[in-house]
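Here's a quick walk through one protein model, for someone who likes to know the cut-offs. Have a look at the structure first, then read on.

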Amino acid sequence: QFQQTYSRNLNATASVLPHRDFRIDLSLTQTFSKSHSELYADTSYNKDSSFHHLNPYENGSFNISYVNVKKMFTNTGVNSATYNEFLAGRTIISKRLGTSNPYTHGVPDPSNPRYYKGYGPFSQDVLIPSFIAAYSGKSAESAPLLSYKHDKIQDNPFKYFTPLPNWKVTYNGLSKLPLFSRIFSSFIVNHGYTGTMSMNGFSSSLLFNDLYGLGFPSFLDSNSHNYIPFFQVPNVTISQAFTPLLGFDMAFKNNVTAKLEVKKSKMESLSLIDYQIGENESTEYVIGIGFRKKGIKLPIKILGVKKLKNELICKLDIGLRDDKSSNTFLANNINVVSRGQKVIRISPTIDYSVSQKLTLHFFYDRQQSI
């Protein structure tokens, strides 16, 4: 048995400071890994003892940082513009593939003339580019296609999909403005975006065939009448989150602190096993308030102490999150809401440092799911 593994990771970060109080942090990532295994066997039964390559098998994963802001606030279910773009994009991708594959040579599908032979509406090579184009707000005419090259362990079927940078924005200059400086000792505005696109667990197909070595699939599946690709991809997932969409961290002159955050996340996943699109959406609101004070007088004397010498810190965080999950079945063109919940969280805390070696921490945490 022969085994070989390969991995390539790309991480890039940068900081942009348009102003000394305004900071933008950028991050870009790409990970690609693949493993190859096969058996070397002497099946020639002659004197040269030549070895044959049997049962080659490859599998791997691919992840990149991605930006999909256009579709964060739009409806992507059945009858939405995004879903209809996805369906319409399949014929465009089928045409691009059918005219470039010499085994098809522009011949239409006999059972469905809108598509080209070997690239029907449920072909993996058609669905993946069409899904990524529609759910990223791009055109199917220019969407990247999967690469068929698989001669080396370094060959990546998703090499045409490029990573895009995520960002985090921080501005803390408001407290220096005359209008705010009399009230706030600190006023920080936060905004962040994190997005990824992943194709995990893809594996090679033993039924793949390129009859004349032209670099394209040539074997048609007898059930689907689609070409069997070299790599079978179980799912493609696009996820994104505003962390937060908008956030404020405030510290007042009277030692009161306040926090307000709005977070939003969305995930769309195309399953190529049962041909459905799973969607998860979440919106969260977080409100926090607190104060710190030294020398607080207690209402009653505790252990002989009426006035606290050290600093007392009190905080209260309240959160509300709304989650929704749904599934769209391509074969039936129906959307089913499969799950949903509202989560309410209340979390007050009190911290008091008795000494450098002893800190008292009182807390209560309540989380309710509906």
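Leaving aside its neighbours within four places in sequence, which residues is F86 in contact with? Counting contact as heavy atoms within 4.5 Å, F86 meets L127, S130, F131, A134, Y135, I277 and L330.

## Ground rules

This is a predicted model, so local features need pLDDT of at least 70, side-chain atom pairs count only at pLDDT 80 or more, and totals for chains, interfaces and linings use all residues. Residues are numbered from 1 along each chain as its sequence is written, and side-chain values use heavy atoms, with hydrogens and water left out.

## The nonpolar cores

F86 turns up again in the largest nonpolar core, which has 30 residues. Together with F131 and I132, F86 touches the most other members. A nonpolar core here is a set of buried Ala, Val, Leu, Ile, Met, Phe, Trp, Tyr and Cys residues joined through side-chain atoms within 4.5 Å. Buried means under 20% relative accessible area, exposed means over 50%, and partly exposed is in between (1.4 Å probe, protein chains only). In soluble globular proteins, nonpolar side chains tend to be buried together.

Two or more residues of this core come from each of β3 (52–65), α1 (81–100), α2 (124–134), β7 (184–204) and β9 (235–252). Helices (H or I, at least four residues) and strands (E, at least two) are DSSP runs, numbered from the N terminus. The biggest giver is α2, with 5 residues. Another core, of 10 residues, lies apart from this one and has V126, A140, L145 and F216 among its members.

## Helix α2

How many residues of α2 are buried? The count is 11 of its 11 residues, so the helix is mostly covered by the cut-off of under 20%. The list runs Q124, D125, V126, L127, I128, P129, S130, F131, I132, A133 and A134. These buried residues pack against α1, β7, β8 (231–232), β9, β10 and β11 (276–294).

## One cavity

The structure holds 1 cavity of 30 Å³ or more, and the largest cavity has a volume of about 50 Å³. For the method, picture a 1 Å grid over the protein atoms alone: a cavity is a set of points where a 1.4 Å probe fits but cannot get out, and lining residues have an atom within 4 Å of a point. Grid points are joined across faces, edges and corners, and a volume is the space filled by probe spheres set on the points.

What lines the largest cavity? Q124 and D125 do, along with L146, S147, Y148, P157, P229, F230 and F231. The lining splits into 6 nonpolar, 2 polar and 1 charged. In that tally Ala, Val, Leu, Ile, Met, Phe, Trp, Tyr, Cys and Pro count as nonpolar, Asp, Glu, Lys and Arg as charged, and the others, Gly among them, as polar.

## A buried lysine

K266 sits in strand β10 (residues 256–271). Is K266 buried or exposed? K266 is buried, because its relative accessible area is 3%. A polar atom of the K266 side chain lies 2.6 Å from the backbone oxygen of T74. Beyond four places in sequence, K266 is in contact with K71, M72, T74, T76, I238, S239, Q240, N280 and E281.

## Strand β15

D351 lies in strand β15 (residues 334–355) and counts as partly exposed because its relative accessibility is 24%. Its side chain makes a polar contact with the side chain of H361 (2.5 Å). A polar contact is a pair of N or O atoms within 3.5 Å; within protein, one must be able to donate a hydrogen and the other to accept it, and residues adjacent in sequence count only if both atoms are side-chain atoms. Not counting residues up to four places away, D351 touches E311, L312, I313, L360 and H361.

V354 is also in β15, and at 39% relative accessibility V354 counts as partly exposed. Leaving aside neighbours within four places, V354 is in contact with N310, T359 and L360. V354 and N310 are 44 residues apart in sequence and 6.8 Å apart in space, C-alpha to C-alpha.

Most residues other than glycine have a negative phi, and most peptide bonds are trans. The peptide bond from T243 to P244 is cis, with omega near 0 degrees, and P244 belongs to strand β9.

N55, in strand β3, has a positive phi near 50 degrees and counts as exposed at 54% relative accessibility. N333 has a positive phi of about 60 degrees. N333 is found in the loop between β14 (311–329) and β15, and is partly exposed with a relative accessible area of 39%.

How values were computed: 1 Å grid on protein atoms, 1.4 Å probe; cavity = no way out; pocket = protein on both sides within 12 Å on 5 of 7 lines; lining within 4 Å.
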